[in-house]
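Trainee: Could you walk me through one part of this model in close detail? Start with a local pairing, then work out to whatever surrounds it.

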Amino acid sequence: LELHIRLIPNGTMSLWIKNSLKNDDCISIKGPFGHCSYSATNNEQPLLLMGTGTGLAPLYGILKDAMLQKHRGPIVLFHGGKTPSSLYLTEELRELSKEKPQFQYRPCVLSEGTNDIIEIPMDHYVINNIPWLKSARIYLCGDPSFVTSMRKKLFIAGASSKEIYADAFLPSIR
């Protein structure tokens, strides 16, 4: 089990983990309760994984599961943030994309892009550069406004609503 935790100012869970949880503490976890998990029903179908912030966590799990189950179709992972410093696991994902020919990693930021990080809104890039969008199984995770907006834009661009799986993350604030 791998958890991706972002420290949120006044965040109930992240502050509890930072300030109270100890290495040898035993905790109970329930779930997952979301809609984003890999299914090997069609391992030739293209997978489009899109997320912001710690929305990368379930997408990373889907990616690892797909690889473990020998998914043969193309897999593209877009991870978005405001700046390059808001992205994480970039080196691991770049290395994996070198090892697995069907996998592509596309980090996107709204500002301060570099040669290997796209500085463009993710929705614009995906809709204009993914030729197999209409046949893809799509996973969206992260900020609720991103998830809602992308679901609508992808559907308008021709993606099947039955093939769009989404989980929005709402922080719990004290």
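**From a helix to the strand beside it**

Mentor: Because Arg 94 and Glu 91 are three residues apart in helix 3, about one helical turn separates them. Before going on, a word on ground rules: this is a predicted model, so local features need pLDDT of at least 70 and side-chain atom pairs count only at pLDDT 80 or more, while totals for chains, interfaces and linings use all residues. Residues are numbered from 1 along each chain as its sequence is written, and side-chain values use heavy atoms, with hydrogens and water left out. Helices (H or I, at least four residues) and strands (E, at least two) are DSSP runs, numbered from the N terminus.

Back to that pair. Arg 94 and Glu 91 form a salt bridge, with 2.9 Å between the closest N and O atoms; the term means a side-chain nitrogen of Lys or Arg within 4 Å of a carboxyl oxygen of Asp or Glu. Arg 94 counts as buried at 16% relative accessibility, whereas Glu 91 is partly exposed at 47%. For those labels, buried is under 20% relative accessible area, exposed is over 50% and partly exposed is in between (1.4 Å probe, protein chains only). In general, an α-helix has 3.6 residues a turn, so residues three or four places apart point the same way.

The whole structure has four salt bridges. Another one of them joins Arg 72 to Glu 44, with the closest N and O atoms 2.5 Å apart. That pair links distant parts of the chain, 28 residues apart: Arg 72 is in the loop between helix 2 and strand 2, Glu 44 in the loop between helix 1 (12–19) and strand 1. Arg 72 is exposed at 54%, and Glu 44 is partly exposed at 42%.

Right-handed means that, with the strands pointing away from the viewer, the path from the first strand over the helix to the second runs clockwise. Strand 1, helix 2 (residues 56–68) and strand 2 make a right-handed unit as well.

All seven residues of strand 2 (residues 75–81) are buried, so the rest of the structure largely encloses it. Ile 75, Leu 77, His 79 and Gly 81 point one way from strand 2, and Val 76, Phe 78 and Gly 80 point the other. Strand 2 runs parallel to strand 1 (residues 47–52), joined by six bridges, with Leu 48 partnering Val 76. It is also parallel to strand 3 (residues 103–109), over seven bridges. On that side, Val 76 has Gln 104 as its bridge partner, and Phe 78 has Arg 106. Two strands are said to pair if DSSP finds at least two bridges between them. Step back and you get an open sheet of six strands, in the order 4-3-2-1-5-6, with parallel pairing. Strand 4 (118–119) and strand 6 (164–168) are its edges, each pairing on one side only.

What packs against these strands? The buried residues of helix 4 pack against strand 1, strand 2, strand 3 and helix 5 (144–156); contact means heavy atoms within 4.5 Å. In helix 4 (residues 122–129), Met 122, Asp 123 and Val 126 are buried. They cover an arc of only 95° around the axis, which puts them on the same side of helix 4; the arc is that of the directions from the helix axis to the C-beta atoms.

Finally, the cores. A nonpolar core is a set of buried Ala, Val, Leu, Ile, Met, Phe, Trp, Tyr and Cys residues joined through side-chain atoms within 4.5 Å. The largest has 21 residues, and Leu 48, Met 50, Phe 78, Val 126, Ile 138, Leu 140 and Leu 154 touch the most other members. Helix 5 gives the most to this core, with four residues. A second, separate core of 20 residues includes Leu 47, Leu 49, Leu 77 and Leu 89.
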